[in-house]
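Student: I have a structure open and would like to go through it piece by piece. Can we start with the strands and then do the charged pairs?

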Amino acid sequence: MPLSHIRCDSVELKPMAQRLADRLSVPLLRAPGATQSSILPCPSTTADYFLELVDEGLRLMPLIGTLHGAIRCDFEGTVATHRRKYGGGNGQDIAKAVGISGKCKPHVLDLTAGLGRDAFVLATLGCQVTLVERNPVVQELLKDGLARALSITDNRELATILARMDLVALEAQCYLNGNPNIPQPDVIYLDPMYPESRKSAKVKKEMQAFKTLVGDDHDADHLLDLALGAARFRVVVKRPRKAPQLGNAMPHFSLSGKSTRYDIYALQKLPLEL
Ligand SMILES: C[S@@+](CC[C@H](N)C(=O)[O-])C[C@H]1O[C@@H](n2cnc3c(N)ncnc32)[C@H](O)[C@@H]1O
């Protein structure tokens with residue numbers, strides 16, 4: 001894992017940071033007030049990132065300062081709030097792809113949760129979303145983002161949205177095969193890593209960092225097969241606009257925007273009400 005250490009400069013947050021360091025099996029760098037004997041060895045020089053726990057939350061930081069800014073999971077910040085309020089409602093491609101309409105709010109199983117941005121949009125539109133994520137660092141960022149937003153929000157609308165999002169810290173196949181009692185998801189959503197770079201420099205840097213952290217999702221074709229066998233109504237795959245289809249499987253239809261395309265594999269017609 002390209003993660004060298006956890007850093008925490010707050011005495012109050014240190015116990016939480018220590019638990020995090022134990023879970024991820026990386027050292028915690030001393031907080032002010034720590035004794036000399038608790039100073040830990042220098043972080044590994046082969047790593048690219050460290051995690052920092054501060055009052056505002058958990059963030060992924062590059063070891064080389066200029067690489068990119070902090071990456072964190074933020075459901076109450078300006079970007080998420082703007083998307084929630086002015087994102088375009090059911091007219092957005094992601095809503096059409098999933099099949100959301102006035103009375104149809106499918107239960108979505110997002111098998112590639114990442115930082116939960118797409119899941120948040122779907123939950124904002126009224127869907128119950130189960131987020132499955134396999135990367136331990138991404139799981140921690142996501143867990144922190146959800147818990148923090150829930151703990152500080154006095155915004156009832158936001159709290160209702162967050163209550164629709166359930167995180168499962170597992171690999172997708174383990175989740176699907178290891179839980180015979182899970183209800184069949186109406187729609188399965190997939191957004192695996194794709195090697196193509198995006199246009200904006202900021203996004204590019206963030207994407208690059210994310211890719212270094214989780215790697216390319218080489219098993220994405222297999223994930224599509226799994227999803228097609230598990231979903232009730234649809235499987236939706238998010239791809240860069242010009243990318244080939246996942247597994248070269250032809251979707252029933254696609255929705256293309258400026259940079260993104262949604263490939264929709266329709267298994268059954270969605271009902272008017274769900
Ligand atoms: C491109 S990111 C998803 C971004 C996400 N849609 C968002 O809006 O933030 C892909 C994520 O899927 C996760 N992933 C890929 N294959 C997975 C699998 N088989 N099981 C669980 N997570 C997986 C990766 O670890 C990575 O965090």
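Student: Which residue in strand 3 does Ile 6 stand opposite?
Tutor: Ile 6 stands opposite Leu 51 in strand 3. Strands here are DSSP runs of E with at least two residues, and helices are runs of H or I with at least four residues, both numbered from the N terminus. This is a predicted model: local features need pLDDT of at least 70, side-chain atom pairs count only at pLDDT 80 or more, and totals for chains, interfaces and linings use all residues. Residues are numbered from 1 along each chain as its sequence is written, and side-chain values use heavy atoms, with hydrogens and water left out.

Student: How many bridges join strand 1 to strand 3, and do they run parallel or antiparallel?
Tutor: Strand 1 (residues 3-7) and strand 3 (residues 49-54) run parallel and are joined by three bridges. Two strands pair if DSSP finds at least two bridges between them.

Student: What is the strand order in the open sheet?
Tutor: The order is 2-1-3-4, four strands with mixed pairing. Strand 2 (28-29) and strand 4 (57-62) stand at the edges with a single partner strand each, so one side of each has no neighbour in the sheet.

Student: Which strands does helix 1 lie across?
Tutor: Helix 1 (residues 14-24) lies across strand 1, strand 2, strand 3 and strand 4, at about 160° to strand 1. Helix 5 (residues 136-152) also packs on the sheet, touching strand 1, strand 3 and strand 4, and its direction makes about 145° with that of strand 4. Contact means heavy atoms within 4.5 Å. Axes are lines fitted to C-alpha atoms, for helices over the stretch in contact, and angles run from 0 to 180 degrees between N-to-C directions.

Student: New topic. How many salt bridges are there?
Tutor: The count is 16. A salt bridge is a side-chain nitrogen of Lys or Arg within 4 Å of a carboxyl oxygen of Asp or Glu.

Student: Which parts of the chain does the pair of Lys 238 and Asp 118 link?
Tutor: Their side chains meet in a salt bridge at 3.1 Å, N to O. Lys 238 is in strand 9 (residues 234-240) and Asp 118 in helix 4 (residues 117-124), 120 residues apart.

Student: Are Lys 238 and Asp 118 buried or exposed?
Tutor: Both Lys 238 and Asp 118 are buried. Buried means under 20% relative accessible area, exposed over 50%, and partly exposed in between (1.4 Å probe, protein chains only).

Student: What about Glu 52 and Arg 59?
Tutor: Their side chains form a salt bridge too, at 3.1 Å, N to O. Glu 52 is buried at 10% relative accessible area, and Arg 59 is partly exposed at 24%.
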